[in-house]
Structures are given as C-alpha cells and as structure tokens.
Amino acid sequence: MLVERLELFMVLAREEHFGRAAEQFGVTQPTLSFAIKQLEQMLGVMLVERGSRFRGLTPEGRQVLTWARRIVSDTRSLQEEMRAARAGLSGRLRIAAIPTALAIVAGITTPFHEKHPGVSFSVLSRTSVEILSMLGNFDIDAGITYIDHEPLGNVITVPLYSERYHLVVSGSAPLAARRTVSWAEVAQLPLCLLTPDMQNRRIIDSHLAQTGLSVRPTLESNSMVVLLSHVRTGIWSSIMPLNLATALDFGGSVRCIPIVEPQVQHMVGMVVPKREPHTPLVAALLAALRKAEALSASNPEPEKLPVF
C-alpha cells in the first residue's frame, strides 16, 4: 500500500493536477485525494499545498518526492529481478529518443526482443532536456541522445553512432546533383528545421552561425515527417542526419548531400541512470550494447549502429 500511495503521489507531482493525475493512474479523484491524505497521515507531514486546485508541493512534499522516486524504482527493480529469476527476462523497457535518433531504435529493440521475447517496449520521441528529466524521475529506463554536446549529469553513456549532417533536397532541386555543399551555401537556402527546443536545432544553429550569415528558417516543426514532406515539395531544404533522411524517404524522392567546410559530427548514445544495481532489463540492455560497441570498435562507421 505504501508503494502504491507513493506512485500516486509521484503522478500528482508530475501532472500538477488532481483530475489528470487520477485519470493517469486509473482511479477516481476522491480515491487519489484520500490516498494522498493517508500518506500524509502516515508520514506526519503535509505534502501538498491545500486549495481548490493543485498549488504545488510543500517543502516536505518535495523531500518525500525524492524518496518516493527511489523507493518506487527500487521496488520495481526487485520485482523485475525476482521475475527474471523465476521465468527469465520479461517486462517493459521504456525508451525515449531524440527525434533524429528514432530511425535507429529498431536496430536496438528488434535484436533485443529476438533474444528476450518476453520483453516489450515503449518508445517515445522527446527532446534531450526531457530525456534527462525523465531519467531523473524514473519515468523511463533509458534514453538515446547526444552525449558530447551538452552536460548530461549523473548518467552512464554508451556510444551508438556518430551523426553527420546532410543537406536534404528534392530530386529536382538545383543542388540535387552536387556531391557536397558548404555550410555557407546551405545558409542561403529556404530551410525547414526542427524547433529551437531540440538539441539538433541548437547544434545546426551553431554551425550556421559560423558562416557569418543571418539564417532564419522559413518553417519549423518538432516532427521530422513534417520537415521531409516539405522538402519533397521542392520549395524547402532541410538539414538531417543521413540515417534519418534515408529511413523516412520511402519513395526515394530526396537527395542527401554531405555538408562540408567544415564537416562536423556529434556522437549519439544510450544513457541510463548511474545507479547500482540496475534493473535486469537495463543491465541486459547495457551488456548487449557494450558487447556490440566492442565488436564494432575495430571498424567504426559514422551513422552506423553497432550490430548486436
């Protein structure tokens, strides 16, 4: 009962709304409110600022939230470990990935599922900031994000591939026949790019800024599908990693041209919380990725995921 109440409290803290939290957890609002009051009575402190609506957590509530995340996570780890000892590896592996890395997720989940058929997955598209926040809140088990560009905090990283940038244009665009283009040339095109909250956009902005030209994209979206659909019209161009552009372009209607002068790359990897012991699912995932990394180290290829 304590763990269940702590889980309800965590959901309330995340949603910051009694009605949404109750709906998320699959209970009625009175049931959630009663469970929070019981938890307060058990701990002898007020956890939530009282009012007609959610006003925030008390200082004690914020302390309890930190402990709740640890206790719930440890309880889930214990349950997973006992289930694995009894019936083999099973359960749900929760992964969040930056949009530019979504195309490679199947290269991780498919061989992992073939080896551990009792494991299922949930895969979310999130910004790099959201991924680190979700890891810290134990809302996901692992994330896929850039590991060499912005501070990551207290996590374990496993490199997956090196991301290089290509100009993506329609087959009929003036630059479609080019073998390479420079960042300065790209800066003068009508561009459609990811929204500024995405780390990929911040990386691209920093390289475009080095051209000395004023660059303002004519279209922004948090969906790579939206960007590619606009590129196909022949009006817009975009900047994407090669693996993503080719994975999304099922009709083969776009051209991917390496951007040089300079040619830049950034490492994308798996991140998991730095804690011991890991859950059996996370431990198995780390072991598989590290084995693949070791096998691929002798012949690294940019933008190519290590094979399990």
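Good morning. The accessible surface of this chain comes to about 15,400 Å², and 54% of that surface belongs to carbon and sulfur atoms. Please keep in mind that the structure before you is a predicted model.

Let me continue with the chain as a whole. It has 308 residues, of which 46% count as buried. Its C-alpha atoms fill a box of roughly 70 × 45 × 30 Å, taken along the principal axes. The secondary structure comprises eleven helices and ten strands. As for contacts, consider those between residues at least 6 apart in sequence: 72% of them join residues at least 24 apart.

I now turn to one pair of helices. Two packed helices are described by the angle between their axes and by the distance between those axes. Here the pair is H1, residues 2-15, and H2, residues 18-25. Their axes come within 8 Å and cross at roughly 130°. An angle over 145 degrees would count as roughly antiparallel, and 65 to 115 degrees as roughly perpendicular. H1 and H2 are therefore oblique to each other. What is the handedness of the crossing in which H1 passes H2? The crossing is right-handed.

Which residues meet in this contact? From H1 come Glu4, Glu7, Leu8, Val11, Leu12, Arg14 and Glu15. On the side of H2, they meet Phe18, Arg20, Ala21, Gln24 and Phe25.

Thank you for your attention.

Notes: Residues numbered from 1 in each chain as written. Predicted model: local features only at pLDDT ≥ 70, side-chain atom pairs only at ≥ 80, totals over all residues. Heavy atoms only, no water. Axes fitted to C-alpha atoms, helices over the stretch in contact; angles between N-to-C directions. Helix = DSSP H or I, 4+ residues; strand = E, 2+ residues; numbered from the N terminus. Parallel < 35°, antiparallel > 145°, perpendicular 65-115°, else oblique. Left-handed = near helix turned anticlockwise from the far one by under 90°. Contact = heavy atoms within 4.5 Å. Buried < 20%, exposed > 50% of the residue type's maximum accessible area, 1.4 Å probe, protein only. Areas by Shrake-Rupley, 256 points an atom, 1.4 Å probe, with all protein chains shown as cover.
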